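Keep the model open while you read. Find each residue as it is named, and let the picture build up step by step.

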Amino acid sequence: MTTFADSLATALQLITSLDPELVAIVGRSLAVSTVATLVAGWLGLVLGAWLAVARFAGRGAVLTLLNTFLAVPSVVVGLVVYLLLSRSGPLGALGWLFSFKAMVLAQALLVLPVVTALTRQVVEDAQMLHGEQLQSLGAGTGLRGVLLAWDERYALLTVMIAAFGRAVSEVGAVMIVGGNIEGFTRVMTTAIALETSKGDLPLALGLGLVLLMVVLLLNALIAGLKRWRQGRESGSATPALSGVGL
């Protein structure tokens, strides 16, 4: 395979023929990112909603720290998880290092700040519009957070989709804690890096195309969800406007 065209043709053939190695890598990658997003998503939604409505001393420092975590490189997260799960680490007894669980933990820690920060912003915007009304009705901090988060559930679903996209495209952390072991911890991003270094461009390109399709699908879902939400909101606003006209 000396040309890009030849590599691309072979890559497409691997995809259309459902090459077993490619399918296994893609399936493992999607499974790791899905579990990590669900784990981090629920925790991030709760923390973000609470931070949006709670007022306490040091809140500004907490938000600054949260925003700082958004910029932490994935390799740093991988290093921290590696140290925690290593034999001499505090969680070494679990035996998770170089396993599916280790990759889930690394990706969950990576996307947790993303979900928390975006959720806080969404719910805080809703708090500015409806928070005083809910508070006047006797809703406490926790209940206000739940009600506002539910009211913004479609926006928060977009946050979850974006978090999954962040997780599935990550390479540094899972490379460190997973070890890129063939048949066990090799995912799309780590396999692309390895196969490229080996010169196996068709497999690397095939995995790259699948990853690109996944990202495009996620973006399409976000755009579709946004249009659907806008259409629903405009539709629900029409009766109210006509009622005012009467």
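W228 counts as partly exposed, because its relative accessibility is 44%, a value between the 20% and 50% limits. This is a predicted model. W228 has an aromatic partner, Y154. Their rings sit edge-to-face, 4.9 Å centre to centre. The angle between the planes is 75 degrees. Where do Y154 and W228 lie? Y154 is in helix 7, and W228 is in helix 10, residues 201-245. The two parts are 74 residues apart in sequence, so the pair ties them together. A search of the whole structure finds three aromatic pairs.

Now go inside. In soluble globular proteins, nonpolar side chains tend to be buried together. Here, the largest nonpolar core has 37 residues. Which elements give two or more residues to this core? They are helix 2 (20-53), helix 4 (74-85), helix 5 (100-136), helix 6 (141-151), helix 7 (153-168) and helix 8 (172-178). Helix 5 gives the largest share, 13 residues. Among the residues with the most contacts inside the core are V81, M103, V115 and V177.

Take V81 and look around it. Leaving out residues up to four places away in sequence, V81 touches A102, L105, A106, L109 and V177.

V35, V39 and F100 make a nonpolar surface patch of about 220 Å². V39 belongs to helix 2. Its relative accessibility is 48%, so V39 counts as partly exposed.

Finally, turn to the backbone. Most residues other than glycine have a negative phi. F98 has a positive one, near 60 degrees. F98 sits in the loop between helix 4 and helix 5. N180 also has a positive phi, near 55 degrees. Its place is the loop between helix 8 and helix 9 (188-198).

Are these two residues buried or exposed? F98 is partly exposed, with a relative accessible area of 38%. N180 counts as buried, because its relative accessibility is 9%, and buried means under 20%.

Technical notes:
Residues are numbered from 1 along each chain as its sequence is written. This is a predicted model: local features need pLDDT of at least 70, side-chain atom pairs count only at pLDDT 80 or more; totals for chains, interfaces and linings use all residues. Side-chain values use heavy atoms; hydrogens and water are left out. A nonpolar core is a set of buried Ala, Val, Leu, Ile, Met, Phe, Trp, Tyr and Cys residues joined through side-chain atoms within 4.5 Å. Buried means under 20% relative accessible area, exposed over 50%, partly exposed in between (1.4 Å probe, protein chains only). Helices (H or I, at least four residues) and strands (E, at least two) are DSSP runs, numbered from the N terminus. Contact means heavy atoms within 4.5 Å. Patches are made of residues with over 30% relative accessible area and no salt bridge: like charges are joined within 9 Å, nonpolar side chains (Val, Leu, Ile, Met, Phe, Trp, Tyr) within 5 Å. Accessible areas come from the Shrake-Rupley method with a 1.4 Å probe; for residues, only the protein chains shown count as cover. A salt bridge is a side-chain nitrogen of Lys or Arg within 4 Å of a carboxyl oxygen of Asp or Glu. Rings of Phe, Tyr and Trp (its six-membered ring) pair if their centres lie within 6.5 Å; planes under 30 degrees apart count as stacked, over 60 as edge-to-face and the rest as tilted.
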